[in-house]
Amino acid sequence: MASDEQQVKNSTATAVFDSDAANSLVKDLRSTFLAGKTKSHEWRLSQLKSLLKMLDENDKQICDALFSDLGKHEMEAYIHEIAMIRNSCKLALKELKDWMKPEKAKTNLGTFPSSAEIVPEPFGVVLVISAWNYPLLLSVDPVIGAIAAGNAVVLKPSELAPAMSSLLAKLLGKYLDNSAIKVVEGAVPETTALLEQKWDKIFYTGNGRVARVVMAAAAKNLTPVVLELGGKSPVLVDSNIDLAVTAKRIVAGKWGCNNGQACVGPDYIITTKQYAPVLIDAFKHNVKKFFGDDPMNSPDISRVGHENHFARLKKMLDDDKISGKIILGGQTDKNNRKIAPTIVLDAPEDSLIMSDEIFGPLLPIVTVEKIEDGIEFIRSRPKPLAAYLFTNNKQLKKNFVNNVSAGGVVINDVTLHLMVDTLPFGGVGESGMGAYHGKFSFDAFSHKKAVLYRGFYGDAPARYPPYTPGKLRLLKAILDGSLFGIIRTLFGFS
Amino acid sequence: MIDDLEMRRSVEELRLTFKSGKTRSGDWRKAQLRAILRLIQENEDTLFRLLQSELGKHPVESYRDEIGVVKKSADHALTYIDQWMSPKKGRLPLVFFPASRKVLSEPLGLVLIIGSWNFPISLILDPLIGAISAGNTVVLKPSELAPNCASFLANILPSYLDPKAIKVIEGGIDVSNQLLQYKWDKIFFTGSTKAGKIVMAAAAMNLTPVTLELGGKCPVIFDCLPNSDLKVAAKRVASGKWGGCAGQACIGVDYVIVEQKFASTLIEQLKKTIKIFYGDDVKNLKNFSKIINKGHFDRLRSYLEDPAVANSIVYGGSFDDTSLIIEPTILLDPPLDAAIMNEEIFGPLLPVITMDKIEESIEFINSKPKPLALYAFTKNENFKKRILAETSSGSVTFNDTMVQFVCDDLPFGGVGQSGFGRYHGKYSFDTFSHEKAVLERSFYLELEPRHPPWSTFKLEFLRSAYDYNYVRMLLLLLGLKRPSNP
């Protein structure tokens, strides 16, 4: 029996997921969708309830997979991934009936008498491509939205988090309706095969380079996309702040969130030349407080996700342009893929660390003469997914909020806006397009169909030929929406 | 062909204007909107003449579909723009206290609007109204297939609108391709499915978000109706087919599905209606637009070259090469595999497809790409529900055609092959805006359990926080509850 099982495992392991396999998969899911199964409220609720059950019954396995892939501490696994998904599920379960209801729309004199509404409907068969840094959250959260909206879904988890990828394949296969929800594991060839198919929506989380490939593939079928990307999320720190709280929040937000490997993690700091030393001291103090004397080896800090990323970060550290500017950390451990919390002061603009999204535990500090210069600095660069400001100065807050374009902005904290499910979460410009979380997830995976109901009475002759100057006048009045104007015209005054 | 350098300079100027912040001000935006109103009011007669000569549109049609639409849009935007521009605030759960949240709409930056030839004024100016309301700088690329309208816009706009923020660039496919090489913050495209794919592929290079307003075969499901309603219904179908630029409209009726037993009644009524609306002499049709150019004229004629299709003509079928007019034509059950039943017709040929039972229309429609609009004439409430639940389209209108276009509160856009994104009313403002989430916190009341080093206590505390279990959080903080073993 063992050898039979082994044989089956071998055959599925070596079966290539190519374009034909992808095509067949989409076909099956489309049949399921067209049969109407995923549209029912009951079905959607049942899937969401199963997801919740899946999380509750397997939280240890999930934490183990996250630790195996990323060295993530159980706390981070819980608060940044599991808890957020649970809350997403619970919110969808609670609100779904309301979300599914048609929304009444106003009508005007132009179509009187009539009534109108906007009806949400699923797109059909959707593809969710996830990322490796929050492999549970970024896989399941969009899937929750897709299911809530009534779609059939294929999830492609990131191969760079292999333990979570295979766990998701196993668990989603066990708990959810396989005729409508499927997981496809794999890397570039499998993703390419998937992207060759015709999807009704594609939701991609990742980087700008691959996003372009995804959108170009989507263009072939006019598939709408949501692209959740990244960027260099800046933190502008004024001197008019509560230093202790500021430093804690920034240090926790940088190194306590997957060790800097978060799309909304603080990428770099901007502060005044004058204030920098004070701020740096506070950072150093908190790094020690949170992670101990040997932060690189603290159990509370995640590993670097993958060898390639380690090499990329190492290259940034070895960049000649920043030699002599590392004022904290800089140690690396290749075998364990660890890099210490590192601070770099005044790296030149053309250094690697200041050009690309860091996505790691290196924190450059850029100093400016006046704090307002920081706003200009940010504005001269591609729009990030998040932008942060620490200050008590009302004017500076107003200036920042109004003039810094980013996916989201947080004042006096970092990353927290992710947890507010009434705020749309998404990027702009290079940091992406579209948004999700809360009802925005439901909306992202729904087509909002406009519906107009008319009766046969109240037919305005002015609409139809033969056209006359009188009809033109009446039409003008109707389109103007002026009842008085219509009456005047009908009575011959115009 | 526009000079490369000139194009680059124009785009650069628009970027600098946007950077200066000028277009952010509500006053600037309102001034531009008022200028658009003045533009169409002061040039109404010129516009009537242009549309008549370029497309054969009667002034009533031009007003209803173009000038009136722009006026209504601009009025609507002026009325609501302050509301649209103000941030949307909301409450936060206690666990975030003290904090506030809002969503701020901000302009995307530099946008490109590519118009279509069939409604050469409204399909350029209506999106422009959205782009301006949202505070962007704009390049307009009107369709070269309506060259007089394009020139008119190019010449007249600078004297009404801010030339440093809104520019018209004329030209054909070459110019469009040139423009698509630039990095835009948004592209709004109205046109064919084929061109839509090219636009989106170009946008992908710069991760530019797009709105694609495309087309499709907009069907009419025509249920059996009592005589009292048949007349009105037939008028609406006729007007929806032939009254909008002679069928050259994205939401125009493409084909009709009717029950076999009702087909002749419907066709007879349509014939009567055509005669009243347009007359029956192809050389002397009234209130009827022409086909835009020889290319499209020949394309439409080629649909009838298939003898099986030609044999299905039950009314009309005459073509006038000199005036580029094709008379309103009805075909009864042309072969379903003919081109006329598989491509968007975009012209005055109306196939009538018969079924045994009208309910079969749902499956038929679903076998084709999702259209921009679906029309259904029926009084059967259950059937309406089925149509809504079992078909997908940009929009659905019951018992009328085309009029959904004038509802500012209804989103106007497609799904699937008919496009994505939407506009009209506030949707226009939104389509050209980025909704930025803003969360503001205070420094006091720092929750220590948020920060490392991690411990069982902190895990329990945060679990309670996520559950919004404030009692438990408080008890944990006060030490009155111990964390349970993990």
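Reply: What follows describes the interface between the chains and then a sheet of chain A.

The model is predicted. The contact takes 111 residues from chain A and 111 residues from chain B. The area buried between the two chains is about 9,000 Å², and carbon and sulfur atoms give 61% of that area. On the side of chain B, B:Leu207, B:Phe443 and B:Tyr466 supply 11% of the area that this chain buries against chain A, more than any other three residues.

The rule finds 13 salt bridges between chain B and chain A. One of the salt bridges joins B:Asp467 to A:Lys90, with the closest N and O atoms 3.0 Å apart. Helix α4 of chain B, residues 59-85, gives nine residues to the side of chain B that touches chain A, the largest share. By class, that side of chain B has 52 nonpolar, 35 charged and 24 polar residues.

Strand pairing links the chains as well. Strand β16 of chain A (residues 408-411) pairs with strand β18 of chain B (residues 433-441). The sense of this pairing is parallel, and it runs over four bridges. Within it, A:Ile411 has B:Glu440 as its bridge partner.

Next comes the sheet in chain A. Six strands form an open sheet in the order β5-β4-β3-β6-β7-β17, with mixed pairing. Strands β5 (181-183) and β17 (432-433) of chain A stand at the edges; each has a single partner strand, so one side of each is left without a neighbour in the sheet. Inside this order, β6 (residues 201-205) and β7 (residues 225-228) of chain A pair in the parallel sense over four bridges. The bridge partner of A:Ile202 in β7(A) is A:Val225.

Two helices of chain A lie across strands of the sheet. Helix α2 (residues 19-34) lies across β3 (125-129), β4 (152-156) and β5 of chain A, running at about 150 degrees to β4(A). Helix α8 (residues 188-195) of chain A lies across β3, β4 and β6 of chain A, and its direction is at about 155 degrees to β3(A).

Methods
Residues are numbered from 1 along each chain as its sequence is written. Chains are lettered from A and ligands numbered from 1 in the order in which they are written. This is a predicted model: local features need pLDDT of at least 70, side-chain atom pairs count only at pLDDT 80 or more; totals for chains, interfaces and linings use all residues. Side-chain values use heavy atoms; hydrogens and water are left out. Two strands pair if DSSP finds at least two bridges between them. Contact means heavy atoms within 4.5 Å. Axes are lines fitted to C-alpha atoms, for helices over the stretch in contact, and angles run from 0 to 180 degrees between N-to-C directions. Buried area is the accessible area (1.4 Å probe) that two parts lose on being put together, summed over both. A salt bridge is a side-chain nitrogen of Lys or Arg within 4 Å of a carboxyl oxygen of Asp or Glu. Ala, Val, Leu, Ile, Met, Phe, Trp, Tyr, Cys and Pro count as nonpolar, Asp, Glu, Lys and Arg as charged, and the others, Gly among them, as polar.
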